[in-house]
Amino acid sequence: MMQLLEKYSKELEVLKEEVKDMLVLDHHVGGGKSGAEKMVLIDTLERLGVSYLFQKEIEELLENMFPKFEEYSRVFHDNLFMVSLHFRVFRQHGYDLASDLICWKLKQLISYGNGVAHVNISDAFERFTDNNGEFKEAISSDVMGMLSLYEATFLKTHGEDILEKAFGFTKAGLESLKPQYLSSNLAEQVTHTLYQPLQRGIPRVEARHYISVYEKDASRNEKLLRLAKIDFNRVQMLHKEELCHISR
C-alpha cells in the first residue's frame, strides 16, 4: 500500500502544477470569457473535492475577479447558468453580494415587488420576464440554468425574497421534468440535486458522487478527473492507515 500511496502522491504533485496553470486569469482571451471559464473551473474543483489543494490560487483568482464582476457580466448577461454560478461561488467564499446586486443581475429571471430604485436594468434583462414581472416559462427549458439557480437559492439570507421566489420556481420546474427527455447524465444530476442539494450534502460524499457524474461528461477535463480520482483514493488509503494505527 505504501508504494501505491507514494505513486499517487507523485502523480498528484505533477497534476497539481498543471491545474495551477489553469487557474491563471488570461487577460488576452478577454476578461469576461476568461473569467467565466475560471469560475466553471473553480466550481468543478470544488465539486470534485480537490479545491483544498488550490485554496490560495482560488482565493487570489476570486479576489481579482470580484471587482470586475460587472464587466464580466456583459459576456453572460443573458446566461442563467453563469449568472447563478457566479453568485453562488462568490457568496460561498464570503463575498458580499447585496440584495440590490442580486436584483440587478437576476431581474431578467424574477420580479421583485419592492425593487431597488437606483438599479438601472437594461432591456436585455427585461426580456426574461413577462408583463407581470414573473418568470417566463421559456426559462424552464434551460435545465442547466435552472439547476444552477436552484443551487444558488440555498445561499439566500433573510429578507431576500427574490431568491425565495427563485427557489419555488426552479424546484417546481425541475420536479416537472420528464427524465426520458433528458440525457441520462443530466437526468441523474437533476434527480440527485433535488434529493440532495449541494449546500446540504457531506462534501466528501458529494465529491464521490460528482466524480462519477463528471466521468460521463463529454466535456470533462481528463486531468481534473484523474486528479480527483487519485486524491480520493489517496485520502481513503490515508484514512485506512490511520484506522489501522488506532486499532492496534
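These legends go with a set of close-up views of a predicted model. Local features in this predicted model need pLDDT of at least 70, side-chain atom pairs count only at pLDDT 80 or more, and totals for chains, interfaces and linings use all residues. Residues are numbered from 1 along each chain as its sequence is written, and side-chain values use heavy atoms, with hydrogens and water left out.

View 1. Helices (H or I, at least four residues) and strands (E, at least two) are DSSP runs, numbered from the N terminus. Of the 248 residues in the chain, 46% are buried, where buried means under 20% relative accessible area, exposed over 50% and partly exposed in between (1.4 Å probe, protein chains only).

**View 2. The largest nonpolar core has 39 residues.** A nonpolar core is a set of buried Ala, Val, Leu, Ile, Met, Phe, Trp, Tyr and Cys residues joined through side-chain atoms within 4.5 Å. Leu 23, Leu 45, Leu 48, Phe 54, Leu 62 and Leu 227 have the most contacts inside this core. Helices α1, α2, α3, α5, α11 and α12 each supply at least two of its residues, and α12 gives the most, with seven.

**View 3. Zoom in on Phe 54 and its contacts.** Contact here means heavy atoms within 4.5 Å. Skip the neighbours within four places in sequence, and Phe 54 is in contact with Lys 16, Val 19, Lys 20, Leu 23, Leu 45 and Leu 227. There's also a second, separate core of 14 residues, including Met 146, Leu 174, Leu 186 and Val 190.

**View 4. Helix α8 (residues 143–152) crosses helix α9 (residues 161–175) at roughly 135°.** Their axes come within 9 Å; axes are lines fitted to C-alpha atoms, for helices over the stretch in contact, and angles run from 0 to 180 degrees between N-to-C directions. The two helices are therefore oblique to each other (under 35 degrees is roughly parallel, over 145 roughly antiparallel, 65 to 115 roughly perpendicular and the rest oblique). Among the residues making the contact are Met 146 and Tyr 150 of α8 and Phe 167 and Leu 174 of α9.

**View 5. Helix α10 (residues 184–195) packs against helix α11 (residues 203–215) at about 160°.** Their axes are 11 Å apart, and that angle makes α10 roughly antiparallel to α11. Asn 185, Glu 188, Gln 189 and His 192 in α10 meet Glu 206, His 209, Ser 212 and Val 213 in α11.
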